[in-house]
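Student: I have not seen this structure before; could we go through how some of its descriptions are reached?

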Amino acid sequence: MLPSFVRSFLDSNPPRLVWGDSLDNLPELKSPSLFSERHLDAQLTLRQVRIIPLEEFLSQVVDHTLGSIEEKGISLRKMGPDEVFKERPSKGTLGVANDAESVANAYRDSTSQYCRALAPHLLFYPRGRQWSTHCLCLKRMKPEGGSYHAASLDCYGLHIFPSSEISKNLRRFMDEGLCEMIDALNERYESLAWWETFYLDEEIKGLFEEFDNIASAGEFNGSCSTTGFGSPPAGNVHVPPDASNTPWITSISSSGVQSTSGDQLDTPMVSGNPSRLKTSNAIPAASLASLPHRSKEQRKKQPPETPTVQKLNDDSAPWPEVQLKNQRPQQLILFILRAWGQSVNDDTTFMIFRCGNYERIGFRHRESQTLFMSSLIDIPNCNPTYNRIHTGLYISIIQDALDRLTQERSASEAKPRKRKRKRDSCDAGVPSRLYKTRSRALKDVEEAHNFELLKQQVLARPLALITLRFGNYNSIAPGAFLRSGASKHSSYGPDEYISLVLTSKIGYGAIGTIYLAHMELLVESRARSTTVVVKVASQEKDIEHLQHEYSIYEHLSRHGVVEGIPFVFGLFKDTE
């Protein structure tokens with residue numbers, strides 16, 4: 001049934017990659033600098049890592065798909081290979097690698113290229129008379145709020161094109177409903193899966209082997225290590241559904257891992273012999289808090305943004321003493337958290353960790369908040385073959401996305417539509433704008449007077465505690481950021497820190513990511529608060545630029561240049 005060139009591909013492994021440079025020139029693997037990934041809502045965080053024979057399940061997907069096509073009486077194209085399967089990777093991209101980018105290129109130009117042609121063909125147009133890669137592409141991506149280092153780490157996402165990109169000769173074998181679903185996937189998902197590709201080195205193999213240790217450790221905790229706070233407020237996040245028709249779901253659901261709903265999930269374990277990798281320290285994130293900038297026209301129309309004052313009463317939550325731990329997470333945990341956070345934000349299921357000759361494939365199970373990982377795959381020597389495993393992977397990625405999209409549509413259609421309330425005729429005479437009363441004007445004057453006190457208090461405090469409360473984020477513990485130049489202590493009293501609650505993302509600036517935040521601090525038993533802008537930088541260059549930007553603000557402030565310049569409360573660095 002299968003054309004010989006397709007069978008030859010499925011039954012083979014890629015050749016072994018070799019390092020094409022001096023071993024003295026091995027790049028240094030830098031830990032990712034995390035920010036938002038450690039502030040996910042409790043319903044979205046990673047709770048456990050488990051090892052299952054995922055690679056065997058994926059291999060079986062290919063056999064199941066081919067069997068389904070055969071049952072329908074469809075014969076795949078018998079003609080010889082055309083442009084896709086005739087193409088060979090360009091010279092220097094297969095067999096020799098000098099950095100993470102060349103490792104990624106070798107994969108993209110060989111196994112990935114053929115899988116991107118074969119998987120859509122088997123699923124969407126098995127009667128088609130040509131092979132095409134115009135349905136899927138592997139594109140370079142930058143992690144949320146972070147960066148990759150092409151020498152030691154490269155990141156890619158699998159993207160699906162709209163159906164219009166598929167040739168007319170193939171679309172005629174597809175019904176309109178399938179084309180519409182492909183278009184919906186294109187609109188819904190920026191990527192369907194996430195790849196983290198590392199440079200070629202045996203020590204990275206040791207890093208990958210540590211998945212077994214992490215899996216055997218039990219509960220996984222990726223939140224910030226700041227202690228002293230109670231539970232966060234109840235979140236209101238939507239937890240997307242898991243796919244219901246993937247072949248290993250039944251096996252997972254009938255076994256022993258505890259899910260958030262109390263069900264038992266499968267956890268066959270694999271032992272490993274981890275080794276450690278010498279690495280550099282993680283790049284600290286830097287945070288800059290300032291009052292929102294307003295144009296001259298805006299300042300004329302409305303008074304400056306000033307803090308509101310709220311007296312703490314018996315019903316208020318106490319301001320605790322904050323404890324900081326002097327420990328940094330294991331490096332692999334940081335890479336796992338970054339991949340998991342990216343998967344949550346993109347609502348994807350699969351994540352792949354690859355270093356040239358070794359690989360781990362991950363599967364995110366939303367209900368149990370578990371990352372199921374494959375065994376360590378020896379790419380040139382694995383059985384089932386690597387090309388068969390990855391063909392099954394690409395098929396599963398597409399099926400998973402289609403399954404979940406169908407579930408979400410069904411749930412959306414089942415919800416009753418809300419009717420808009422008509423405006424009462426008696427409301428017609430009520431003005432939409434509330435004019436400022438005398439008492440309100442006096443209160444504005446009082447709050448503006450208190451603003452100078454707030455500025456003095458903030459500038460004297462060495463610690464900023466940052467929590468996120470929007471979208472997928474609802475911090476379990478705040479992130480601790482120390483003022484630049486201040487000495488770090490193990491604990492801080494309520495008169496030594498400010499609280500910053502990030503309530504929305506404004507966007508990406510020339511430097512870092514910009515958030516709108518609610519700042520609060522305790523002054524003489526009163527909680528004083530105001531709205532500020534927080535700029536967070538996690539890339540090494542962005543941190544340098546942010547420090548330079550802060551020095552400019554300091555220079556302008558010392559020389560009395562304040563007109564049209566936002567007031568800057570300080571520059572803070574992540575303690576973890």
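**From terms to conclusions**

Tutor: In this predicted model, strand S5, which covers residues 153-160, is mostly covered, since eight of its eight residues are buried.

Student: What makes the residues of S5 that point one way or the other buried or exposed?

Tutor: A residue counts as buried when its relative accessible area is under 20%. Leu-153, Cys-155, Gly-157 and His-159 point one way from S5, while Asp-154, Tyr-156, Leu-158 and Ile-160 point the other way, and all are buried.

Student: How do you know that S4 and S5 pair?

Tutor: Two strands pair if there are at least two bridges between them, and five bridges join strand S4 (residues 136-140) to S5, the two running antiparallel. Within this pairing, Cys-137 stands opposite His-159 in S5.

Student: Which strand pairs with S5 over five bridges in the antiparallel sense?

Tutor: That is strand S6, residues 193-198, which pairs with S5 in the antiparallel sense over five bridges, and here Gly-157 stands opposite Trp-194 in S6.

Student: Why is H5 called oblique to H12?

Tutor: Helix H5 (residues 111-124) and helix H12 (residues 386-414) pack at an angle of about 50°, with their axes 9 Å apart. Angles under 35 degrees count as roughly parallel and those from 65 to 115 as roughly perpendicular, so H5 is oblique to H12. H5 passes H12 in a right-handed crossing.

Student: What classes of residue make up the contact of H5 with H12?

Tutor: Residues of H5, among them Cys-115 and Leu-118, meet residues of H12 that include Tyr-394 and Ile-398. By class, the contact has twelve nonpolar, six polar and one charged residues.

Key: Residues are numbered from 1 along each chain as its sequence is written. This is a predicted model: local features need pLDDT of at least 70, side-chain atom pairs count only at pLDDT 80 or more; totals for chains, interfaces and linings use all residues. Side-chain values use heavy atoms; hydrogens and water are left out. Buried means under 20% relative accessible area, exposed over 50%, partly exposed in between (1.4 Å probe, protein chains only). Helices (H or I, at least four residues) and strands (E, at least two) are DSSP runs, numbered from the N terminus. Axes are lines fitted to C-alpha atoms, for helices over the stretch in contact, and angles run from 0 to 180 degrees between N-to-C directions. Angles under 35 degrees count as roughly parallel, over 145 as roughly antiparallel, 65 to 115 as roughly perpendicular and the rest as oblique. A crossing is left-handed if the near helix is turned anticlockwise from the far one by less than a right angle, and right-handed if clockwise. Contact means heavy atoms within 4.5 Å. Ala, Val, Leu, Ile, Met, Phe, Trp, Tyr, Cys and Pro count as nonpolar, Asp, Glu, Lys and Arg as charged, and the others, Gly among them, as polar.
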